[in-house]
Amino acid sequence: MQSRRAILTGGLAAGAAAFLTTGAPRAEVAGETGFTSLFNGRDFTGWKVPEGDNGHWKVLDGVIDYDAQSEAPGDKNLWTEKEYGDFTLRLEWRIKETPFINPRVPIIKPDGSHKLDASGKEIQIAVPDSDSGVFLRGSQKAQVNIWCWPVGSGEVYGYRMDRAMPPEVRAGVTPKVNADRNIGEWNSYEITVKGERLTVVLNGVAVLREAQLPGLPARGPLGLQHHGGKRGDVWTGPPSLVQFRNIGIREL
């Protein structure tokens with residue numbers, strides 16, 4: 001695991017510290033930092049629960065809890081009712097558990113490509129995995145990942161894997177450091193979007209700086225991602241066994 005040394009300075013670091021004060025009431029946190037709360041800790045006011053979800057997205061003990069088993073026949077993601085343009089979003093998230101072992105996780109290099117062995121074949125490793133993320137402006141391609149891959153959370157998979165994108169774009173959306181805390185522990189995101197530029201601060205560490213997202217819509221809702229599914233009692237992919245809390249936004 002890489003060092004957690006903060007590389008932010010000045011007001012941003014101070015603001016992040018204030019936001020993460022343990023046990024502070026949500027309304028007070030949002031007020032202190034100038035952010036508007038997006039989650040009241042009681043219900044899904046301001047959010048669109050997938051039609052037919054049947055209670056799998058729920059509020060549990062003051063946090064948004066998901067078991068990755070939404071019964072919605074269509075889109076299973078959780079979206080805000082409101083649309084946003086430029087903003088800074090702050091939230092805390094944690095992966096609850098990792099019952100699925102992902103056998104096909106690549107070793108991702110700083111340029112966004114995958115490491116190969118001596119025969120030119122992609123190296124893949126097995127890791128306990130859970131998978132979710134934050135969708136930006138209604139775009140599922142523009143997803144700030146939450147997962148257990150060695151590259152760390154915060155990458156934008158849809159852009160990194162798009163071979164039509166310029167090399168600098170694919171490198172820009174690849175995390176500079178793995179700043180995730182241990183599985184089961186709470187993590188903090190500060191996500192800033194200005195135009196087509198994205199900066200992601202994970203646990204006080206800037207893992208993406210001014211990454212470019214060509215074609216990102218000018219406005220759209222924010223989303224919390226569903227991922228995974230079961231065949232019988234067996235997970236067939238990394239499930240979104242995640243929780244979210246302390247969600248606030250400042251429009252820019």
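The structure described here is a predicted model.

A pair of aromatic rings is described by the distance of the centres and the angle of the planes. Y157 pairs with W147 in an edge-to-face arrangement, with 6.1 Å from centre to centre and 85° between the planes. The two residues are 10 apart in the chain: W147 is in the loop between β10 and α3 (157-160), while Y157 is in helix α3. W147 counts as buried because its relative accessibility is 3%. Ring pairs join W147 and Y157 with W149 in a cluster.

## Other rings

The structure has seven aromatic pairs. One of them is W57 with Y66, whose ring centres are 3.9 Å apart and whose planes meet at 10°, so this pair is stacked. Both W57 and Y66 are buried.

Two charged residues lie over ring faces: K141 over Y159, at 4.7 Å from the ring centre, and R245 over W186, at 4.0 Å from the ring centre.

## The nonpolar core

The largest nonpolar core has 49 residues, and those touching the most other members are L89, L136, I191, L198 and F244. Strand β6 contributes the most, with five residues. Apart from this core lies another, of six residues, including I108 and W149.

## L222

Among the residues that L89 touches are L38, V134, I191 and L222. L222 is in the loop between β13 (205-212) and β14 (223-224). Its relative accessibility is 3%, so L222 counts as buried. L222 and W47 are separated by 175 residues in sequence, yet their C-alpha atoms are 9.4 Å apart in space.

Note on methods
Residues numbered from 1 in each chain as written. Predicted model: local features only at pLDDT ≥ 70, side-chain atom pairs only at ≥ 80, totals over all residues. Heavy atoms only, no water. Helix = DSSP H or I, 4+ residues; strand = E, 2+ residues; numbered from the N terminus. Buried < 20%, exposed > 50% of the residue type's maximum accessible area, 1.4 Å probe, protein only. Core = buried A, V, L, I, M, F, W, Y, C linked by side-chain atoms within 4.5 Å. Contact = heavy atoms within 4.5 Å. Phe/Tyr/Trp six-rings, centres within 6.5 Å; stacked < 30°, edge-to-face > 60°. Lys NZ or Arg CZ within 6 Å of the ring centre and 35° of its normal. Lists of a residue's contacts leave out its neighbours within four places in sequence.
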